[in-house]
Amino acid sequence: HDVDVPFKKATFGMGCFWACDALFGAQSGVLRTRVGYSGGTLIDPQYRKLGDHTEVIEIHYDPKQITYEDLLQLFWNNHEYGLTTCVKKQYMSLILYHDEDQKHMAEISLKKEAHRRNEQLITTIAPAGIFYPAEDYHQKYRLQQHAWLVQELGLTPELFQTSHLAARLNGYLVGVGKLEDFEKESEKLGLSEKISSFVRTQWKQNEGGSL
Ligand code: MHO
């Protein structure tokens, strides 16, 4: 279920975290993802009591396969409510950096993006603080809509936050990533033919749709 290589973390808020989870989960170089609440001060936020927190995704990535710049590009291009209108804090555009390099790259990329769009962007860049994982039912939300799949793969609530396989399938099922990548990795992931063909069909049905 997991891939044991050195990794870095990236944390972004860009709208409802279900969509981000799917978007990043199927990018090559992304090892695992989890969704949660961060950026605010309330202790132990919950979905129904978020306080000043934002819905965010925490990505673990292999910097040899995907760069922080690549992740930032996906960030800029996939906001649920755009980059210019203020939305409530729950869905704000937020980059939480994990080190000075990330801070620097985020600042440069914000400037470039604002220039390219010729607009003032509302994105906030801040240091990553405490990340509170969201409730189990929010993790790998798209995958969890297929109970039989969850069962056949032996996915537990804990694995929803740590499993490489869960992250990949959660994206592929809604048509994210490349089908050829899926074909290449389906064997490595140890998927049965039944599961592979189901994922393939879902990918084709959902490709290019909303996440
Ligand atoms: N529009 C979504 C928001 C959920 S997301 C976890 C809904 O159906 O409630 O904020």
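How many of the eight residues of strand 3 are buried? The structure is a predicted model, in which local features need pLDDT of at least 70 and side-chain atom pairs count only at pLDDT 80 or more, while totals for chains, interfaces and linings use all residues. Residues are numbered from 1 along each chain as its sequence is written.

Strand 3 (54-61) is mostly covered, for eight of its eight residues are buried, where buried means that 20 or more other C-beta atoms, placed from the backbone, lie within 10 Å of the residue's own. Helices (H or I, at least four residues) and strands (E, at least two) are DSSP runs, numbered from the N terminus. In a regular strand the side chains alternate between the two faces of the sheet. In strand 3, Thr54, Val56, Glu58 and His60 point one way, whereas Glu55, Ile57, Ile59 and Tyr61 point the other way.

Strand 3 has neighbours with which it pairs, a term that requires DSSP to find at least two bridges between two strands. Strand 1 runs antiparallel to strand 3 and is joined to it by five bridges, with Phe12 standing opposite Ile57. Strand 2 (residues 30-38) also runs antiparallel to strand 3, through eight bridges, and here Val35 has Ile57 as its bridge partner.

Helix 2 (residues 68-77) has Tyr68, Leu71, Leu72, Phe75 and Trp76 as its buried residues. Seen down the helix axis, these buried residues fall within an arc of 140 degrees, so they line one face of helix 2; the arc is that of the directions from the axis to the C-beta atoms.

Conventions. Buried ≥ 20, exposed ≤ 12 C-beta atoms within 10 Å, placed from the backbone. Contact = placed C-beta atoms within 7 Å.
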